[in-house]
Amino acid sequence: MSDLIPAWSLTADAVDSIALPASWPERVTREWAIGASTGAGVDVCILDSGVEASHPLVGGLASSVAVVFDGDEPVVVPDDEGDVCGHGTACAGIVRALAPDCRVHSVRVLGSGATGTGDLILAGLRHAIDQGHRVVNLSLSTTKRKFAELLHELADAAYFRRTVLVASAHNMPVESYPWRFASVISVGSHEESDPLTWYANPDPPVEFFARGIDLDVAWLGGGTMRCTGNSFAAPHIAGLTALVLAKHPDLTPFQLKSVLYLTATNAGGLA
Amino acid sequence: MSDELRRAAASGLLGTEETHRALLQSIVDTARAIFHAKAASVFLLDEDTDELVFEAVSGEGEGELIGVRFPSSTGLAGWVLVTRQPLVVDDLTADPRHARQAAESTGYVPNALVGVPLLADDAAIGVLSVLDRPLDRPFSTADMDLLTMFASQAAIGLDLLRRSRRARALLEGGAEGTAGAVARVAALLERADDDGDGLRLLEALERVLRRLD
């Protein structure tokens, strides 16, 4: 019966039933958060242009699907094209480098330049959340206002289902989504070269800064290329998130964001 | 007042292609100068064919590449368009496929590229790229801020060109709607000697239309 009643209030006799584990350390350190973690058991979804599964820096995929239009309807189909431009492969390589034992899934939502991306991003994100992936990397955004409300609802749904959405901040003076939503973790670039340096931003909407400048990323055809872009900062935080969740699988997105904050370089994370 | 209106209507249709082209050329020239680059270019997305088309080029390829087109999702400009995210790449010659594609399509093989999507309202309409800037230091976040601000100006220029072409195609394509008729009248009025005939004609037309209303 209790399952049928929405938990929008708490009766006195139910307080004991929601006792929370009180295993938080006095000081949340990086050692507590990610020490010795390899991301094992955590499903990370790359919502992007596809991923080149055979790339040595990607190290294989747990699953790969594409969202394509069937008439006007976006549908999820098995992906047999891989990566259409290289962007998703670059992001997957960064996640894998940080969390070598996580399970990487690819959902391809980016295609040709002329294709509207909003519908595909929405359908792809819905699929990723339905699959129960714990982390979804979104190094992409849509500027289409009409998709903002639906994306917002999906981002909130993910938040309550313990799926952490990590989104790159758009580097341009335009309104775009979903990185601006409070229910996602938004990431911009800092100018340092350490993949384990990340900063919490006291002045959002960008919440964290991670490595995104002048780094070698996986490139189509098995090689690497030196690149710069906020697109590459987000998967650093996605990889870190996988490391945290592998050690502390019960964390909610709210708690996870707090852990990233408490262990950020500018919050004494290295101390 | 009627003279001003006539001029406004005519100027919306005459000479805009040249003006917008000059604007885009100025944008790529300036982008190239700001970043001390060997070349800069603006691509427009042709939605009908799903291709990117060179619209303005400064430096290497200037005068030869205008109108050259390639599939919108290929190459680095395609990456930028598809992802709608800026991209900086510094060692392109490490990718032999890129070098071959570039050589085949443009004859110029850059080693470094900065690409920014050009966004108009809710659409990615093209790409601004800056090629072979000096590599003595990494492209900084301040460089990126400058380029993206500049790209928003380029996007407005490209959007103007796109809109004027659409309007022209509509009018010249025999679209015999009100817009076509108005355009032809506007063009005739602009050419006519300003002896008041045009104005009298318009006033007569207005009287007729008011009776019909």
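Predicted model: local features only at pLDDT ≥ 70, side-chain atom pairs only at ≥ 80, totals over all residues.
Residues are numbered from 1 along each chain as its sequence is written, and chains are lettered from A and ligands numbered from 1 in the order in which they are written.

**Chain B on its own**

Chain B carries seven helices and six strands (DSSP runs numbered from the N terminus; helices are H or I with at least four residues, strands are E with at least two). Along the sequence the pattern reads α-α-β-β-β-α-β-α-β-β-α-α-α. Of the 213 residues in chain B, 37% are buried (20 or more other C-beta atoms within 10 Å of a residue's own; 12 or fewer is exposed, in between is partly exposed, with C-beta atoms placed from the backbone). Take the contacts in chain B with a separation of 6 or more, and 56% of them come from residues 24 or more positions apart; a contact here puts the two C-beta atoms, placed from the backbone, within 7 Å.

**Where the chains meet**

At the interface, 34 residues of chain B are in contact with 35 residues of chain A. On the chain B side, helix H3 (75-83), strand E4 (87-89) and helix H5 (141-172) each give two or more residues, and H5(B) gives the most, with six residues. By type, that side splits into 17 nonpolar, nine polar and eight charged (nonpolar: Ala, Val, Leu, Ile, Met, Phe, Trp, Tyr, Cys and Pro; charged: Asp, Glu, Lys and Arg; polar: the others, Gly among them).

What does Pro138(B) touch, leaving aside its neighbours within four places in sequence? Pro138(B) is in contact with Ile213(A) and Asp214(A). Pro138(B) sits in the loop between strand E6 (123-131) and H5 of chain B and is partly exposed, with 16 other C-beta atoms within 10 Å. Its C-alpha atom is 9.6 Å from that of Val88(B), 50 residues away along the chain.

Strands pair if DSSP finds at least two bridges between them.

| Strands | Sense | Bridges | Residues standing opposite |
|---|---|---|---|
| E11(A) (224-228) and E4(B) | antiparallel | two | Thr228(A) and Val88(B) |
| E1(A) (43-48) and E5(A) (135-138) | parallel | three | Ile46(A) and Asn137(A) |

**The sheet in chain A**

Nine strands of chain A make an open, mixed sheet in the order E3-E2-E4-E1-E5-E6-E7-E9-E8. E3 (73-78) and E8 (199-200) of chain A are at the edges with a single partner strand each, so one side of each has no neighbour in the sheet. Helix H5 (230-247) of chain A packs on this sheet, touching E1, E5, E6 (164-168), E7 (185-190) and E9 (208-211) of chain A. The direction of H5(A) makes about 160 degrees with that of E6(A) (axes are lines fitted to C-alpha atoms, for helices over the stretch in contact, and angles run from 0 to 180 degrees between N-to-C directions).

**H5(A) against H6(A)**

The axes of H5(A) and H6(A) (253-262) come within 11 Å and cross at roughly 110 degrees. The two helices are therefore roughly perpendicular (65 to 115 degrees; under 35 is roughly parallel, over 145 roughly antiparallel, the rest oblique). Leu240(A), Thr241(A), Val244(A) and Leu245(A) in H5(A) meet Leu256(A), Val259(A) and Leu260(A) in H6(A). That contact consists of six nonpolar residues, one polar and no charged.
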